[in-house]
Structure formats: structure tokens, C-alpha cells
Amino acid sequence: MRESWRWYGPLDRISLGDVAQTGASGIVTALHEIPYGEVWPRDTIAKRKADVMAAGFDWVVVESLPIHERIKRNDGDLSELFANYRQSMANLAAEGISTICYNFMPLLDWTRTDLAAPVSRGGTCLRFSAPKMAALELFMLGRGAARDDYPADVITAAELWFQSSSDDDRAGLMQSVMAGLPGAYERYDADRLKAALTLYEGIDRASLRAHYKRFLQEIIPAAEDLGMRFCVHPDDPPRDILGLPRIVSNAEDIAWILDAVDSPANGLTLCAGSLGANPVNDVPAIARRFASKIRFAHLRNVRKEADGSFEEAAHLAGDTDMVDLIAALLAEQARRQATGDPEWEIPFRPDHGHELLDDAARNTHPGYPLIGRMRGLAELRGVIAGLSYGQKAATEATVGDEKLATMA
Ligand code: DNO
């Protein structure tokens, strides 16, 4: 598996020189500075690629080539947005960059209520508290319909939290949730968030699926012609939020997407942490079921709680059996190699990490500290090395047995 690292570009407080010391050899990045919907110019792509290569890396995955909200809402004449998107794809392909991660989450990307929840042995992690999210929906945004989205005990806990919270607590909650607002450096307050939500009124699961299908129909044939691999990132958390439907949350959703436009260009980013946050998802089983469509993996773990809350665990701790998951990915790589598939290798990145030691001082993107991710990468690397050795030993034993059999 190709060890990769998400780098946010020249403004990232972790330099490529720092990343080199983690041992990763692939870079996952994007032209974050370009507003959604605009074309990524070829020369800007070439310059970023040259920077990445000069530091000794390959640019292995684009994460993300973002989809404009108007496409998600199917709002108005989309021909220019689709044309721009295809032009960005062509420009990337011309620079030899072909794996594209994207998501189809309406309005908000990943959502957490706490960006620095304490971890028992020190350090902090990202956390999603169901009561706090319910408090934000019900009492800060006044979305009464959210009463149907949470169990009664969560609503009671939400009320208690809200009554005892200070203005700072509420502002902190809003800020944490807004940290997942993609696309830009601006953040919404409660009023702007409410206004943005009204644009999605009337868009239910079926209509969002129809909009997504249209996107796939507009984009995947072009991707196929360009030899590109699109891989959708699952919803995080994998459940409806703020009344917005989420349609990339479980095995059934993934099957629908891959079937909507059946093509080698239509694939999956296996994000263990996103999928793992919903108790219905057996992540290694999902990896095995859709193995041939996995083009990229985000490896991290979460620990779930009975009320729907979860927090990010160390990479080998938490509810997902990471060793089993990596075994599934290695088996898929071996299968591809056996068929002579030149794209056999699956790039992965240690996704998120606890903020550890002096990470906090670096003030990096939430979830993307240097030391915490480096710890995760080191642990994952150990698992991959151990399982690969086992795979090799098993193959040698089979070959040995066959030789003995022919000698007998
Ligand atoms: C969060 C990330 C996501 C991911 C996008 C892909 O840490 O995994 O924001 O980049 O959803 O489009």
C-alpha cells in the first residue's frame, strides 16, 4: 500500500520537509485556494506538482476536486459548472494526476462538535456529541423537526447542556461544527447557516440521489476517456444531519452509487473512520464487498457510544478491527497483482490523528496534526509489514508444498 500524507499546500503549517520525515512517499492535496466551481488552471496544477516532486514525493491523489453546491442542489443551468469541472479534470489528467477523491455531502463536509476533546492518557481528539449536535439544531438554529432525528434521552441531554452552557460554549460549538464547512475560509454564524439550509428545503434523499446520478452521468464518461479514477468519500458522520439527507453512508448507498454509472472510473474512497461511526457498518466487510472499486483508503478509527456520539480513537484502537481491514486491502492488492493490473497499489493515508505532545502549538487543521498522524502512520505501517510478511510466508509455503508434491 502506498503511504501517503494529506498536505494542504504552501499554507500548511506542516512543510513538505516535515512530511518527508514521516516516511510517507505520496502526497494527497488539492488547489484549496481556488473557489468551488472555477477551473483549476493547468499551469497552477503543474506548479503544485513540481513543488511536490521537488520535495521527493508524488502527487498521488487529489482530495478533493470539490463539487459546487448548486450541482448538489441541481439549481439552475449547470452547464458551465459541469464544463468547468471537466476542464479541471482534463488539466489534471494532462499533468498525469488521475485519482480524484470527492464527496457528495450537502452543505457541510465532516462534522464534529468538539475539536479538542481530552484523551485519557493526554492529548486531544475530535469528537461528535449527539446531545450537543441536537442542542445546536434544536435550540441554536430553532429546527424543531430535529426532535424526530434524535432519541428522547439525547434530547433531554441536549436540553441540559444548552441550559447550563455559556455564550462561549455555544460559540465554540458553532465554530466546531463550522470547521467542516468546505470550500473556504469563511464560516457561518447561526443566521447564515439557517439561510444556507433553506436552499436545501424540499431536497430529500430521492432528489439528492437524482442530482448525484446526474453528476455521475456528466462526469464519469469524461473520467473514463481521460483514464481517471474517481472515488467518492463517505459521509461523515454517516447519517442525516441538520435535516440534510446523506446518501453515501452505508453499503446499500455505495452499491447504488457504483451501479448508477457502472464504470472503472466510478470508485470508492474507503474511509474507515467515516463508515465506522455508524453501528450498522461492518467496515472490513464493506471493504471486501467493494474491494475492486477501492482506489484510495483513509485509515482511522472511532469509538462509538450508545447515544450516537463517537470520538476518534488511536488508529489501532476503536471499534473497527484495523488489522482485519488492512488484511482485506492487502488481499485485494494481491488479487490485482495476480491479474497484472498496473493500478494494483492502493494509496492510503493515516486519516486524522490525536493532537499529541507539542502538536497543539503548531495550530494545524483540526484532525491533521503532525505527531498524532505520524504515530498513526507508524502503527499502520507496522500492521502492513506484518501482514505482508504473513502473506509472503503463506505463498512460499504453498509453493513449497507444490514442489514436494511434484517430487513425491
Ligand atoms: C476530513 C476529510 C474530508 C474529505 C472530503 C473528501 O478530514 O476526510 O473532508 O477530505 O470529504 O471530499
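This is a predicted model: local features need pLDDT of at least 70, side-chain atom pairs count only at pLDDT 80 or more; totals for chains, interfaces and linings use all residues.
**Exercise 1. Where do Glu218 and Arg214 lie, and how many residues apart are they?**

Solution. 
Step 1. Identify the element. Both residues lie in helix α9 (residues 205-226).
Step 2. Consider the spacing. Glu218 and Arg214 are 4 residues apart, about one turn of the helix.
Step 3. Check the distance. The closest N and O atoms of the salt bridge between Glu218 and Arg214 are 3.8 Å apart, and the cut-off is 4 Å.
Step 4. Classify the surroundings. Glu218 has a relative accessible area of 25% and is partly exposed; Arg214, with 30%, is partly exposed too.

**Exercise 2. With which residue does Arg73 form a salt bridge, and over the face of which residue does Arg73 lie?**

Solution. 
Step 1. Find the charged partner. The side chain of Arg73 meets that of Asp75 in a salt bridge of 2.9 Å, N to O.
Step 2. Compare the burial classes. Arg73 counts as buried at 13% relative accessibility, whereas Asp75 counts as partly exposed at 32%.
Step 3. Find the aromatic partner. Arg73 lies over the face of Tyr200, at 5.8 Å from the ring centre.

**Exercise 3. What is the geometry of the aromatic pair of Phe139 and Phe162, and which elements does the pair tie together?**

Solution. 
Step 1. State the geometry. Among the 12 aromatic pairs of the structure, Phe139 and Phe162 stand 5.3 Å centre to centre with 35° between the planes, a tilted arrangement. The term applies because planes under 30 degrees apart would count as stacked and those over 60 as edge-to-face.
Step 2. Locate the rings. Phe139 lies in helix α5 (residues 130-140) and Phe162 in helix α6 (residues 152-164), so the pair ties together parts 23 residues apart in sequence.
Step 3. Phe139 is partly exposed at 27%, and Phe162 is buried at 18%.
Step 4. The charged end of Arg170 sits over the ring of Phe162, 3.8 Å from its centre.

**Exercise 4. Which aromatic cluster includes Tyr212 and Trp256?**

Solution. 
Step 1. Begin with the pair. Tyr212 and Trp256 are tilted, at 6.3 Å centre to centre and 50° between the planes. The pair links Tyr212 in helix α9 with Trp256 in helix α10 (residues 251-260), 44 residues apart.
Step 2. Note the burial. Tyr212 is buried at 0% relative accessibility, and Trp256 is partly exposed at 23%.
Step 3. Name the cluster. Tyr212 and Trp256 form one aromatic cluster with Tyr85, Tyr102, Phe104, Phe215 and Phe230.

**Exercise 5. Why does the largest nonpolar core lie between domain 1 and domain 2?**

Solution. 
Step 1. Describe the core. It has 109 residues, of which Leu92, Tyr212, Phe215, Phe230 and Leu299 touch the most other members. Its largest share, 8 residues, comes from α9.
Step 2. Trace the contributions. Domain 1 (2-110 + 202-407) and domain 2 (114-196) both give residues to this core, so it lies between them.
Step 3. Characterise the domain arrangement. The C-alpha centres of domain 1 and domain 2 lie 26 Å apart, and the contact takes 24 residues from domain 1 and 31 residues from domain 2.
Step 4. Leaving aside neighbours within four places in sequence, Phe230 is in contact with residues including Tyr85, Met89, Ile100, Tyr102 and Leu268.

Note on methods. Residues are numbered from 1 along each chain as its sequence is written. Side-chain values use heavy atoms; hydrogens and water are left out. Buried means under 20% relative accessible area, exposed over 50%, partly exposed in between (1.4 Å probe, protein chains only). Helices (H or I, at least four residues) and strands (E, at least two) are DSSP runs, numbered from the N terminus. Rings of Phe, Tyr and Trp (its six-membered ring) pair if their centres lie within 6.5 Å; planes under 30 degrees apart count as stacked, over 60 as edge-to-face and the rest as tilted. A charge sits over a ring if NZ of Lys or CZ of Arg is within 6 Å of the ring centre and within 35 degrees of the ring normal. A nonpolar core is a set of buried Ala, Val, Leu, Ile, Met, Phe, Trp, Tyr and Cys residues joined through side-chain atoms within 4.5 Å. Domain bounds come from an automatic or database domain assignment. Contact means heavy atoms within 4.5 Å.
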